[in-house]
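User: I am new to this structure. Please take me through its packing, one question at a time.

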Amino acid sequence: MKLTRTIDEECCPQLLAEPLDERDAERLAAALRVLADPARLRLLSILGAHPDGEACVCDLTAPIGLSQPTVSHHLKILGDAGLVGREKRGRWVYFWVLPEPLELLRGALAAPVGSRRTRRMIDFPY
């Protein structure tokens with residue numbers, strides 16, 4: 001499955017509002033797979049917390065501890081999914097987090113307002 005624009009307005013139906021049909025479940029699972037990698041989560045967090053709101057690939061390799069081609073690969077996946085923006089400036093490419101797709105995912109995972117799920121705390125065993 002190609003990940004281009006995985007996370008868009010159609011990808012993320014609210015998971016807990018009603019049962020998902022097969023197509024919606026596949027689209028949401030594809031969107032979540034993009035984030036289900038520790039390196040990509042770390043890249044998003046570094047970009048989001050960066051003082052300038054953006055960073056060059058050259059600034060991301062040391063904090064992640066991965067080679068430049070590997071970091072670029074992860075950034076391409078995040079970009080194809082619509083989670084990060086990019087701009088080439090001379091020899092370097094700069095990346096930043098696009099907040100709208102993250103909000104779509106947050107909304108997909110949120111319990112409907114007023115449901116029992118929003119009133120109960122869950123203790124995860126890990």
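The turns below cover the sheet, then the helices, then the rings.

Analyst: This is a predicted model, where local features need pLDDT of at least 70, side-chain atom pairs count only at pLDDT 80 or more, and totals for chains, interfaces and linings use all residues. Residues are numbered from 1 along each chain as its sequence is written, and side-chain values use heavy atoms, with hydrogens and water left out.

User: What is the order of the strands in the open sheet?

Analyst: Strands are DSSP runs (E, at least two residues) and helices are too (H or I, at least four), numbered from the N terminus. Two strands pair if DSSP finds at least two bridges between them. The edge strands, each pairing on one side only, are β1 (55-56) and β2 (84-89). With antiparallel pairing, the order is β1-β3-β2.

User: Which residue takes a positive phi in the hairpin of β2 and β3?

Analyst: The hairpin has two residues between the strands. The phi in question is near 65°, and the residue is G90.

User: Are α2 and α4 roughly parallel or roughly perpendicular to each other?

Analyst: Axes are lines fitted to C-alpha atoms, for helices over the stretch in contact, and angles run from 0 to 180 degrees between N-to-C directions. The axes of α2 (residues 38-49) and α4 (residues 68-80) come within 10 Å and cross at roughly 80°. Angles under 35 degrees count as roughly parallel, over 145 as roughly antiparallel, 65 to 115 as roughly perpendicular and the rest as oblique. The two helices are therefore roughly perpendicular.

User: Which residues of α4 make the contact with α3?

Analyst: Helix α3 (residues 57-64) packs on α4 at about 105°, with the axes 9 Å apart. Contact means heavy atoms within 4.5 Å. From α3 come V57, L60, T61 and I64, and from α4 come Q68, V71, S72 and L75.

User: At about what angle does α2 run to β3?

Analyst: α2 lies across β1, β2 and β3. Its angle to β3 is about 90°.

User: Which ring does the charged end of R89 sit over?

Analyst: A charge sits over a ring if NZ of Lys or CZ of Arg is within 6 Å of the ring centre and within 35 degrees of the ring normal. For R89 the distance to the centre is 4.3 Å, and the ring is that of Y94.
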